[in-house]
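Let's take a friendly walk through a protein together. Have the sequence and the 3D view ready, and keep turning the view as you read.

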Amino acid sequence: MTTPLSGIALEQSSLKKDEGKTQKLTSSFAPVDSDDEKDMNRSSSNPQIVSVEADGTIKGNGYGQAVITASTGEFQAQCQVTVRVSETDDPLATPTLKLSQ
């Protein structure tokens, strides 16, 4: 007896990422013991903002928002990613005061 796939999910539906940083976005299948083929396709609505690798690793490429979509067969799951400017790259994030004599 086979157990058909009834859905997929991503571990998060939204997240914030600093520009230049990576994170693996894990997907899951329902039911876990499904016998269906589980080839997962992943894509980004805007790779200039956030890119995604075949293994689910995402990378913040530029300031803004994009949606990562994972799909297999007729099922899909999405995660909205907000990419922030890294504080170390933002000159306004760390104010400095220089005093002269």
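Which strands make up the open sheet of 3 strands, and in what order do they lie? The order is S3-S7-S6, and the pairing in this sheet is antiparallel. At its edges you find strand S3 (22–24) and S6, each of which pairs on one side only. From one strand to the next, the twist averages 20°.

Before going further, please keep in mind that you are looking at a predicted model. Now step back and take in the whole chain. Of the 101 residues in the protein chain, 31% are buried. The accessible surface comes to about 6900 Å², and carbon and sulfur atoms account for 47% of that surface. How does the chain meet itself? If you take the contacts between residues at least 6 apart in sequence, 54% of them join residues at least 24 apart.

Let's return to the open sheet and look at one of its pairings. S6 and strand S7 (residues 57–60) run antiparallel to each other, paired over 3 bridges. One example to find in your view is Ser51, whose bridge partner in S7 is Lys59.

Next, turn to strand S9 (residues 75–84), which pairs with S2 in the parallel sense over 5 bridges. Along this pairing, Lys17 stands opposite Val83 in S9, and Asp18 stands opposite Arg84 in S9. S9 also pairs with S8, here in the antiparallel sense and over 9 bridges. Within that pairing, Ala66 has Val81 in S9 as its bridge partner. S8 and S9 form a hairpin with 2 residues between them. In the turn sits Gly73, with a positive phi of about 55°.

Which of its residues are on the covered face, and which are on the uncovered one? Leu15 and Lys17 belong to the covered face, while Ser14, Lys16 and Asp18 belong to the uncovered face.

Now look inside. In soluble globular proteins, nonpolar side chains tend to be buried together. Here, the largest nonpolar core has 18 residues, and those with the most contacts inside it are Leu25, Val50, Ile58, Ile68 and Val81. Strand S1 (7–10), strand S6 (50–52), strand S8 (64–72) and S9 are the elements that give two or more residues to this core. Which of them gives the most? S9 does, with 4 residues.

Leaving aside its neighbours within four places in sequence, Ile58 is in contact with several residues, including Leu15, Leu25, Val50, Ile68 and Val81. Lys21, Thr22 and Gln23 are also among the contacts of Ile58.

Two glycines make an interesting pair to compare. Gly20 lies in the loop between S2 and S3, whereas Gly60 has its place in strand S7. Is each of them buried or exposed? Gly20 has a relative accessible area of 46%, so it is partly exposed. Gly60 is buried, because its relative accessible area is 1%, and buried means under 20%.

Not counting residues up to four places away in sequence, Gly20 touches Lys59 and Gly60. Gly20 and Ser86 are 66 residues apart in sequence, with 7.7 Å between their C-alpha atoms. Gly60 and Gln48 are 12 residues apart along the chain, and their C-alpha atoms are separated by 8.5 Å.

Our last stop is Ser27, in strand S4 (residues 27–30). Ser27 counts as buried because its relative accessible area is 17%. What joins the side chains of Ser27 and Arg42? A polar contact of 3.1 Å does. Beyond the residues up to four places away in sequence, Ser27 touches Ala9, Leu10, Met40 and Arg42.

How values were computed
Residues are numbered from 1 along each chain as its sequence is written. This is a predicted model: local features need pLDDT of at least 70, side-chain atom pairs count only at pLDDT 80 or more; totals for chains, interfaces and linings use all residues. Side-chain values use heavy atoms; hydrogens and water are left out. Buried means under 20% relative accessible area, exposed over 50%, partly exposed in between (1.4 Å probe, protein chains only). Contact means heavy atoms within 4.5 Å. Accessible areas come from the Shrake-Rupley method with a 1.4 Å probe; for residues, only the protein chains shown count as cover. Two strands pair if DSSP finds at least two bridges between them. A nonpolar core is a set of buried Ala, Val, Leu, Ile, Met, Phe, Trp, Tyr and Cys residues joined through side-chain atoms within 4.5 Å. Axes are lines fitted to C-alpha atoms, for helices over the stretch in contact, and angles run from 0 to 180 degrees between N-to-C directions. A polar contact is a pair of N or O atoms within 3.5 Å; within protein, one must be able to donate a hydrogen and the other to accept it, and residues adjacent in sequence count only if both atoms are side-chain atoms.
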